[in-house]
Amino acid sequence: MAAFRLPRAKDLSVASSFSWITNACLRRSLSSTAVSEAAAAEVHPAPFSSSPPPSMKSFLVRRDPKERNVQWVFLGCPGVGKGTYSSRLCNLLGVPHIATGDLVREELSSSGPLSKELAEIVNQGKLVSDEIILNLLSQRLEAGEARGESGFILDGFPRTIRQAEILEDVTDIDLVVNLKLREDVLLEKCLGRRICSQCGGNFNVANIDVKGENGKPGMYMAPLLPPPHCTSKLITRSDDTEEVVKERLRIYYEMSQPVEEFYRSRGKLLEFDLPGGIPESWPKLLQALNLDDHDDKQSAAA
C-alpha cells in the first residue's frame, strides 16, 4: 500500500449504546410481530467485568504500524453511511471491513455456539451483551489473522466506553473517524430507505435537495433507485418510522459523550461532516484522510 499520512484529530461526536443498536439490527430479521414484542421491552444489559474476556486477551498481537495496514474505526449515528464509506475505504486500502452488526446476524443465522442464545435474547427483547459482541469480534479477528489479513476498519464499534477500554487493552487503534450529517437530512434519508423483498437489495427513494440558508450550505443527495424488476417489490423496514428513527437518534446523541471524550483525549478523533451524497463526499473524505493521492485506486473502490 502506498504510504499515507494520518490526519490530525478534530472534535467530533461519537458513539452510542452499541447493544441497543445491534439489537435493533437483529430485530429486522424477525417477523413484524416479534419486532413489536421486542421493542416493547426495555431490558438493560447484564454487567460484566471491564477486563477483556479470556478470548480477547490474545486474539491480536500488537504490531508496529509500519509493518501492518491501518487499524481504524468508523463511527456515526444510525443511517449516516458508515457502512458505505468504510467499505469503500477497505477496498481502497486492502483491509477487511468488519461490522459487528453483521457478525451478530451471521451468528444468529448459523448453527454456531451462540446462535441459540442470541435468538433467545432477541425474542425476549433483551440487549445483546458486550461480552457476546466482543467474543464474536475476537473470533472474526482471529480468523483474519489466520488468513494473513493485515489491518482492519471496524464499522460502528466501539459504541460504549467499556468497549473502547477493552479494545484498547488488546490492540492499537490508529484513527477514529466520525461521520456527521445534519439531523433533518438524516431523518429524511432514513425514512427513504427501501428493501427489495425478493433480492434483498437496499435502495433509497429520498430525493434530498436542501437549500442553503442562514450561512448553512445547501445539500443535494440523489435517490438510489432500484432497477425496474425490483420496483414493485420494495418494502419499508418496520423500524424506519419517524418516531422510531427520532428515538434512535436521541439515544445515540445522549450516549455519545463518553466515547467521544475517550478518543479525543488520546488525539485519535477526526470529525467529518458529509457535504452531500457519495459524489460530493467521497473525494473530500479522501482529502481529509490524506488519501487523495490514491486517484488511481478510486475507481476500484467505487
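Which residues in H4 meet Ile133, Leu136, Leu137 and Arg140 in H6? Keep that in mind while you get set up.

You're looking at a predicted model, where local features need pLDDT of at least 70, side-chain atom pairs count only at pLDDT 80 or more, and totals for chains, interfaces and linings use all residues. Numbering starts from 1 along each chain as its sequence is written, and side-chain values use heavy atoms, with hydrogens and water left out.

**Whole protein.** Start with a cartoon view: there are 13 helices and 10 strands. Helices (H or I, at least four residues) and strands (E, at least two) are DSSP runs, numbered from the N terminus. Of the 302 residues, 49% are buried, meaning under 20% relative accessible area with a 1.4 Å probe, protein chains only.

**Helices H4 and H6.** Now select 100-108 (H4) and 130-146 (H6): their axes come within 10 Å and cross at roughly 95 degrees. Axes here are lines fitted to C-alpha atoms over the stretch in contact, with angles running from 0 to 180 degrees between N-to-C directions. That makes H4 roughly perpendicular to H6, a label that covers 65 to 115 degrees. Show side chains to settle the opening question: Thr100, Leu103, Val104 and Glu107 are the H4 residues that meet the H6 set, with contact meaning heavy atoms within 4.5 Å. By class, this contact has 5 nonpolar, 1 polar and 2 charged residues; Asp, Glu, Lys and Arg count as charged, Ala, Val, Leu, Ile, Met, Phe, Trp, Tyr, Cys and Pro as nonpolar, and the others, Gly among them, as polar.

**Strand E4.** Next, select 175-180. In E4, 5 of the 6 residues are buried, so this strand is largely enclosed by the rest of the structure. Two partners to pick out (strands pair if DSSP finds at least two bridges between them):

- E1 (71-76) runs parallel to E4, joined by 5 bridges; find Phe74 across from its bridge partner Val177.
- E10 (269-273) also pairs with E4 in the parallel sense, over 5 bridges; here Lys180 has Asp273 as its bridge partner.

**An open sheet.** Last stop: 3 strands in the order E6-E5-E9, with antiparallel pairing. E6 (202-204) and E9 (234-235) are the edges, each pairing on one side only. Zoom in on E5 (193-196), which 3 bridges join to E6, and you'll find Ile195 opposite Asn202.

Key
Angles under 35 degrees count as roughly parallel, over 145 as roughly antiparallel, 65 to 115 as roughly perpendicular and the rest as oblique. Buried means under 20% relative accessible area, exposed over 50%, partly exposed in between (1.4 Å probe, protein chains only).
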